Amino acid sequence: MTLEQNRARVVAAVWQAIAQSGVDLSSIPRDQQDRLVAAIADTLLPTVNQMLDEVAPPVSSEVSGDERVLWEGRPFLSITERYVLTTERVRIYRGLISRTVDDIELVRLQDIDFTQNAGERILGIGDIHLHGADVSTPEVTLHNVHQPEEVRELIRRAWLDARKRYGVSFREQM
């Protein structure tokens, strides 16, 4: 579910709670009511996300040899997906009860981008797009990542280090 959809659900829930409470808001102008509900929703979303951090099941980051974990995260408001960046790969865990694990080897990456709309900028989240040489999944998106610019830079540095370590270089097509 997108950030806008989650926000709309929270706004609707706040309006429903106001209606069920019986509190009379008719003396407050409608635009101020809308601003109040929006402020409540925008405060609730990060709070719920922090609560999910506390209850999200831990990922057993299995690494071998010299491989080290550089960063772990999850999409905003999600407990069914987690991301782990190591010195060798980006690993995506999906599922709560059953689990699917996708690995994107850093040496196979070709480009890293991120996108962020206005609402995501306010919350400090965004999507990171990994473009690679894997035929089955040429593009992978890490959705709603907290501090996407910093995470993108971590992935970029790990990618360059992995390429150097393995002596891999790519030629640009013209």
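1. Buried means under 20% relative accessible area and exposed over 50%, with partly exposed in between (1.4 Å probe, protein chains only). The model is predicted: local features need pLDDT of at least 70, side-chain atom pairs count only at pLDDT 80 or more, and totals for chains, interfaces and linings use all residues. Residues are numbered from 1 along each chain as its sequence is written, and side-chain values use heavy atoms, leaving out hydrogens and water.

2. Helices (H or I, at least four residues) and strands (E, at least two) are DSSP runs, numbered from the N terminus.

3. The structure holds 11 salt bridges, each a side-chain nitrogen of Lys or Arg within 4 Å of a carboxyl oxygen of Asp or Glu. Glu-88 pairs with Arg-165, the closest N and O atoms being 3.3 Å apart. Glu-88 lies in the loop between E2 and E3 and Arg-165 in helix H4, so this pair ties together parts 77 residues apart in sequence. Glu-88 counts as buried at 18% relative accessibility, whereas Arg-165, at 44%, counts as partly exposed.

4. Arg-94 and Asp-102 form another salt bridge, with closest N and O atoms 2.5 Å apart. Asp-102 counts as partly exposed at 32% relative accessibility, as does Arg-94 at 29%.
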